[in-house]
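Colleague: Hi! Could you walk me through this structure before class?
Modeller: Happy to, let's have a look together.

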Amino acid sequence: MEFGNAPEITITGSPMIAQDMDPIDVVIQVADSIVEGKKNKGSEIFDDLYHTFACKAAIKANSDTNVIELERLMELIIEEDIRYCPHGRPILVKLSKREIEKMFRRIV
């Protein structure tokens, strides 16, 4: 990729949550956020980036996990009172006994 007279940067480290991400992609995402006009919003500039990190680091459907990891995830959800994923989707739903019975056609 040719950037012309673009300044050079040196990446000396990255956040733990981004350890599996390409550092160049992270820098590009930060730069894109700035270019998109987010530079005057203070700390909000990194909100989208944090959401991206969290999403990429999240356990996804069909992820290879073990019982210990899943137990720790549940502990964190309960301890931190986490209710939503980075995209705002609920991670827990509460079903009443009646709703469960209805799903299994135990009641009409």
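**A chat about helix α3 and beyond**

Modeller: Let's begin with M74, which sits in helix α3, residues 67-80. Keep in mind that this is a predicted model.

Colleague: Which residues form a nonpolar patch on the surface?

Modeller: That patch is made of M74, L76, I78, I82, I91 and L92. Together they have about 510 Å² of accessible area.

Colleague: Switching topic: what volume does the largest pocket have?

Modeller: About 600 Å³. Its lining has 20 residues, and A54, A58, I59, L73 and P86 are the ones nearest the centre.

Colleague: Which helix gives the largest share of that lining?

Modeller: Helix α3 again, with 5 residues. Helix α2, residues 47-57, also supplies at least two.

Colleague: And what classes of residue line the largest pocket?

Modeller: The lining has 15 nonpolar residues, 4 charged ones and 1 polar one.

Colleague: Where do R72 and E75 lie?

Modeller: Both are in helix α3, 3 residues apart, which is about one turn of the helix. R72 counts as partly exposed because its relative accessibility is 38%, and E75 is partly exposed too, at 40%.

Colleague: What about D81, which residue does it form a salt bridge with?

Modeller: D81 pairs with R83, and their closest N and O atoms are 3.2 Å apart. With a relative accessible area of 47%, D81 is partly exposed.

Colleague: Which helix holds K97 and E101?

Modeller: That's helix α4, residues 97-103, where K97 and E101 are 4 residues apart, about one turn of the helix. Their side chains meet in a salt bridge, 3.8 Å from N to O.

Colleague: Is K97 buried or exposed?

Modeller: K97 counts as exposed, because its relative accessibility is 64% and the cut-off is over 50%. E101 is partly exposed, at 26%.

Terms used:
Residues numbered from 1 in each chain as written. Predicted model: local features only at pLDDT ≥ 70, side-chain atom pairs only at ≥ 80, totals over all residues. Heavy atoms only, no water. Patch = residues over 30% accessible without salt bridge, like charges linked within 9 Å, V, L, I, M, F, W, Y side chains within 5 Å. Areas by Shrake-Rupley, 256 points an atom, 1.4 Å probe, with all protein chains shown as cover. Salt bridge = Lys/Arg side-chain N within 4 Å of Asp/Glu carboxyl O. 1 Å grid on protein atoms, 1.4 Å probe; cavity = no way out; pocket = protein on both sides within 12 Å on 5 of 7 lines; lining within 4 Å. Points joined across faces, edges and corners; volume = space filled by probe spheres on them. Nonpolar A, V, L, I, M, F, W, Y, C, P; charged D, E, K, R; others polar. Buried < 20%, exposed > 50% of the residue type's maximum accessible area, 1.4 Å probe, protein only.
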